[in-house]
Each structure stands twice: as structure tokens, then as C-alpha cells.
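Visitor: Can you walk me through this one? I'd like charges first, then a helix.

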Amino acid sequence: MAMEATLSEHDLTTWQALVKHRKAALWSMLVSMSIIMRAYDIEITGNFFALPAFKEHLGEYIDGHGYEIPTEWQVAMSMGPIVGQVVGAWAAAIPMDRIGRKKTLAIYLLLTSALVFMQVFAPNRTVLTVSMYLAGVIWGGYHVLAPTYASEVLPMRLRGIFTGYVMLCYTMGQFLQTGITRGFVGWTTVWAYKIPYAIQWVWPAFILIFLYWAPESPWWLIRQNRLDDAKKALDRLSSRDSHANNHNVLAMMVKTDVYERELEVGATYWDCFKGPNLRRLEICSALFIIQNFSGNPVGFAVYLFEQVGLSSENAFNMGIGLNGVGFIGTVLSVFPMTYFGRRRTWIYGLAYTIAALWVVALLCFAGDYATNEAYSWAQATILITMQLVYSLSLGPLTYIISSEIPSTKLRAKTLSLTATFNGMTYLVITIAGPYLLNPGSANAGAKIEFLWGGLSIFSFLWSFFRLPETSNRTYEELDTLFDRRVPAREFKNYVISPNDGHHSESEKAQ
């Protein structure tokens, strides 16, 4: 039965999988919407640093530059969601494993609603900053919940598309917050930034309305020995004509779980650092670290555009264009991933990123750079093309590959640790960014791309030697490849016989 389900997954086309599992796709999209509000909240304060009303009410006057948020407060505000994420991502796996994915998400949504109230009615920048630290704990949980749920309710053919949708939700959140903030550039009252904060109440309300009917992850139910409930969840996630085959799917899932037990895959955080799981953790974590240090300009995009010479209005316009391009690129990312595969698409995207970063940085040395606005527009345009390539490759693939790599038993904890490392490295950018860009500090402008361009060369070398191809592999097959320590560049063409999936190196040694 398990073998029939494995072969059936390989035989399904993408369209057939979408027809049979359209309900699973819709439920995963609902849960992934939590990433929209996560991206919205984390990114919006960075854009507020360029919002005149925000700077006037919470900033200080700097001769020659007008009102600015002091660098130390920019760092403190920007650090809040990231520091909170480091804690929240690590903690999220505990309720996810104990009470399930669905109940954990419901609790997080209720907490989000309370913390938005704190942001909207914060009387000063101290209270606002504290609210960001507290909210960051919840954002870290969403970072783990959304890709975990998507990867556990979808068949192999749809995994890449809908875990990649997590990145699309991130782009939508960025796009919305930039567009909404742009609409308040001309406002002079505190409501210019309070209303954008208040809009965050929309997402918890919408998701909670439908979450009640969402099925729990069948993988989680299997690990709780609730096989009947797992079968019911599979039926609710698929079309009626697939219900008979779901007995085979359940058998395949149980077989994978048993296989991981035979490999002595534990269920603690410490087990993530043992044997093949350490390699899996390395890959998942490295993807986010590379993404953070790739020079993707979205986090400080509007502020960066303003510092290279564009007006506040044009900086916000370019920011909207940047996020619009990111949205289109993420939607279209399924095509290069399907044609080139995960690994090659990642490497090609990283290569273009390196080239773009160095060109943007070198333009700063043009003889008439300070007086010719054309260079500012050229740099902004190149960064937008880089965002397009990023959205076609590095952006969605980070979520897709990191959701596929962990063992099913340690997925929540591996992704929790990954999100923690992601937050720690993003914290470096959050601290360094304002100091490098702020006119009252280093005032580096686009020369900051020398740093990201240099670091991305090392990222390229790691990717070439350590990043495996994970497309068209079931979770059981990935378990086998990692247990056999197959080199990254051999994953794609390594042949696993239908009858040898359980013959690991450890078993052969015995």
C-alpha cells in the first residue's frame, strides 16, 4: 500500500495534483496568510523612517536634513521584531508539537490582535518599541507555522508551489505596507502611522473565521497515534474520488514515520544537531542566512532610495515598484523552478545578485555622481531588477527547500532553529543598516552594496558544494538520501530502488 502511494505521487502531474488536492491548497493558502501580516508589521516601521509625520512626531531635528529618527532609536525599533523572532521561533515548536498546528495558530492570532492595540495607541516611541519586541515573538511563530503546515498537507507535486506561496505572502505584506504608507506621506497628524498599524487587525479576524473548519496536519496526527483522525484529515484535504487511495497515502506516511524511528530520529532540539539531521539543519539555516546577506533591499528600500538622492515621494514610488516586481516574480517563480530545478535556479539567481550588487556599488565612484540624479535612478532600477530575480529564485526557494529538507519528525523543531538563526543574522543587518545609511552616521548610501556583494561570493561557493536538489523526491526518499550521505551534487540523479528505501547505512552495518 505504501509503495503504491509513493509511485502514485511520482505519477501525478501538477495539474492532476491540484485537482485532487485543491482543498489542501486552499487551506495552506489560508494559514500562509499569517505571513502577510508578519511581513507587513516587520517591514512597515523601516518605511516609517522615511514618513514625514512619523519623523516629526517621534524624531529629532538634524541640521541640513530636517527631522530624523535618531539612529539608536531606528536600531531599537528595527531590532524589536527580530529579537522577538529569535525567541518566538525557538518557542513555537513546543506548542506545535504538543497541541498541534491549528490550535497554536489560533492562539497566536489572538495574541497578535492584542499587540496591535498596543502599537496603535502607543503614546511615545518607548512604548511603541516595546510593543515591537513583544510582537516579534509572535512573528517568529508564524515563520515556523506557515511553511510547516503547507509542507505537511500537500502532496509532493504541490509542495514547491504552495510553500513558495509563503514567499508570495511575504511580498504581498511588503507591497501593502509600502503602498499604504505612501498614501499617508502627505498627512501631518499621528494618524499617518497609527492607521497603517491599525490595518493589521484585518488578518487575524479573517483567518480566525475560517480556521475553525481547517483540518489538522495529518503528519502531526500520525505522530500522536491518531490514525483514524489522520485518515479523516486526508479525506478533508483531498477530493472525494481520492478517499479510497488515502488508505495507501496513510500507509506511506506511517511507513516514513517508522523509518525515521528506525534511524533513531529523536524528537528533541538536541536531535537536530545529530547525524544527518545536522546536515539538514545546516542547509535550512544557510538558506536564510544567504537570503539575509544577499543585499535584497526591501527592508530599508524606501530609506535607501531616499539616501541615494530621491525625494520622499519618489522613494516611496520606487518602493511600491520594487514590491510590485517582487509580487510578479514570485508568481512566475514556478516556471524557472520547474524547468531548471531548485538547485540550478538558486545558483543562477545568486550569480545575478552578485553582479547587480557590484554594479550598483561601483556607480558611486562616477565623476559626477553627486550632481547627476540619473545615477540614483540607475541604481534604484538595477536594485528593482535584482528584486525580480530574487523573487524568481532566492526568495521563494528559501521557504520551499527549507520546508522539504527536515525529517518529518523534526520539521517543526528544525524550522524553529532555522528561524532563530535567521533572526540572529537578520539582527546584524537591522543594527548595521541604519548606521551605514543614516546621514548622521556612516552615510554610506549605495556603497553598502560592496558589503553584500562580497558576502554573496562566499554564499555562492557554499551553494555550489552544499545545496542539494530536492524536487521530485518524497519525504521517505529524502530520508534515504541523507542517511546515505549522498553528496549534494548527486541528489538529482541518485537512483533509489522502490525496494531499498529502508536499507540505510546503519542497518547494513548491523
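Guide: We'll take salt bridges, then a surface patch, then a helix. This is a predicted model, where local features need pLDDT of at least 70, side-chain atom pairs count only at pLDDT 80 or more, and totals for chains, interfaces and linings use all residues. Residues are numbered from 1 along each chain as its sequence is written, and side-chain values use heavy atoms, with hydrogens and water left out.

Visitor: How many salt bridges does a search of the whole structure find?

Guide: The search gives 14. A salt bridge here is a side-chain nitrogen of Lys or Arg within 4 Å of a carboxyl oxygen of Asp or Glu.

Visitor: What does Arg 125 pair with?

Guide: Glu 60, with the closest N and O atoms 3.2 Å apart. Arg 125 lies in helix 8 (residues 125–153) and Glu 60 in strand 1 (residues 60–62), so the bridge ties together parts 65 residues apart in sequence. Helices (H or I, at least four residues) and strands (E, at least two) are DSSP runs, numbered from the N terminus.

Visitor: Is Arg 125 buried or exposed?

Guide: Buried, at 17% relative accessibility. Glu 60 is partly exposed at 41%. The cut-offs are under 20% relative accessible area for buried, over 50% for exposed and partly exposed in between (1.4 Å probe, protein chains only).

Visitor: And Arg 342, what is its partner?

Guide: Glu 404, at 2.6 Å between the closest N and O atoms. Arg 342 is in helix 19 (residues 342–362) and Glu 404 in helix 21 (residues 394–404), 62 residues apart. Arg 342 is buried at 9%, and Glu 404 is buried at 1%.

Visitor: Which residues do shared partners join into one network?

Guide: Asp 97, Arg 101, Glu 152, Arg 223, Arg 411 and Lys 413. Within that set, Arg 223 and Glu 152 meet at 3.4 Å, N to O. Both Arg 223 and Glu 152 are buried.

Visitor: Switching to the surface. Which residues form the positive patch?

Guide: Arg 22, Lys 23, Arg 236 and Arg 240. Patch residues have over 30% relative accessible area and no salt bridge, with like charges joined within 9 Å. Lys and Arg count as positive, placed at NZ of Lys and CZ of Arg. Arg 236 is in helix 13 (residues 227–236) and is partly exposed at 38%.

Visitor: Now helix 23. How many residues does it have?

Guide: Helix 23 (residues 449–466) has 18. The span from first C-alpha to last is 25 Å, close to the 26 Å expected at 1.5 Å a residue. That expectation is 1.5 Å times one less than the number of residues.

Visitor: Which of its residues are buried?

Guide: In helix 23, Glu 449, Trp 452, Gly 453, Ser 456, Ser 459, Trp 462 and Ser 463.

Terms used:
Patches are made of residues with over 30% relative accessible area and no salt bridge: like charges are joined within 9 Å, nonpolar side chains (Val, Leu, Ile, Met, Phe, Trp, Tyr) within 5 Å. Accessible areas come from the Shrake-Rupley method with a 1.4 Å probe; for residues, only the protein chains shown count as cover.
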